[in-house]
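The following paragraphs lead the reader through one structure, part by part. Please keep the sequence and the model in view while reading.

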Amino acid sequence: MGVEPDKSESSSRSRDLKTVHPKEAMKVVGSLSSGVLDSTGLQGEATAGGPAIQTVDKREGDYSVQHDWSIWKMSPDALTSGFERLRQELPKRGWKITHYGPANSRAQQLQIKARHEKDGSFLAAELLIRSTRQGADATSSKTDLINFTVSSPTYRAPEGVDPNGY
């Protein structure tokens with residue numbers, strides 16, 4: 001479900017990218033992800049891991065940061081209530097919701113897409129409840145959960161800093 005920055009930018013256009021050290025970008029995405037979780041008010045189990053660098057143009061040092069994670073091991077009602085709290089709380093935390101409604105997929109799971117107004121990061125969240133998935137097939141997840149992706153805009157690493165090995 002990842003949300004990816006536009007990787008089709010021309011090299012000349014990418015020269016206008018904001019220069020940010022990868023450590024700082026990872027810290028921002030991690031903080032935004034924590035705020036998203038707090039917005040749900042849920043205390044379930046979150047998947048392990050953290051933000052990761054996605055190299056856009058190694059030669060130029062262009063990169064983004066993406067954090068994919070889920071919260072699960074809760075009832076469908078609890079997850080649904082948490083998803084609704086998320087929708088209500090995001091604007092209070094600087095997010096502009098750009099889409100709220102069914103996904104354009106066979107399962108038509110409920111989805112939120114948002115952009116953080118201060119730093120331009122993106123959020124995609126999907127409520128995946130087994131009983132509400134229309135046309136779900138054998139490859140669908142067997143667990144009720146909310147799936148999240150928080151992605152930074154594309155940045156340029158400072159001169160001499162390799163985004164993959166800082």
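Helices here are DSSP runs of H or I with at least four residues, strands are runs of E with at least two, and both are numbered from the N terminus. The model is predicted, so local features need pLDDT of at least 70 and side-chain atom pairs pLDDT 80 or more, while totals for chains, interfaces and linings use all residues. Residues are numbered from 1 along each chain as its sequence is written, and side-chain values use heavy atoms, without hydrogens and water.

The 19 residues of helix 2 should span 27 Å at 1.5 Å a residue, and the end C-alpha atoms are 27 Å apart, which agrees; the expected span is 1.5 Å times one less than the number of residues. Just after helix 2, glycine 41 has a positive phi of about 70 degrees.

Helix 2 (residues 22-40) also gives the largest share of the lining of the second largest pocket, four residues. A pocket is an open set of points on a 1 Å grid over the protein atoms alone, where a 1.4 Å probe fits, with protein on both sides within 12 Å along at least five of seven lines; lining residues have an atom within 4 Å of a point. Among the lining residues are Lys18, His116 and Tyr155.

Aspartate 62 lies in strand 3 (residues 62-72) and is buried, with a relative accessible area of 2%.

Methods:
Buried means under 20% relative accessible area, exposed over 50%, partly exposed in between (1.4 Å probe, protein chains only).
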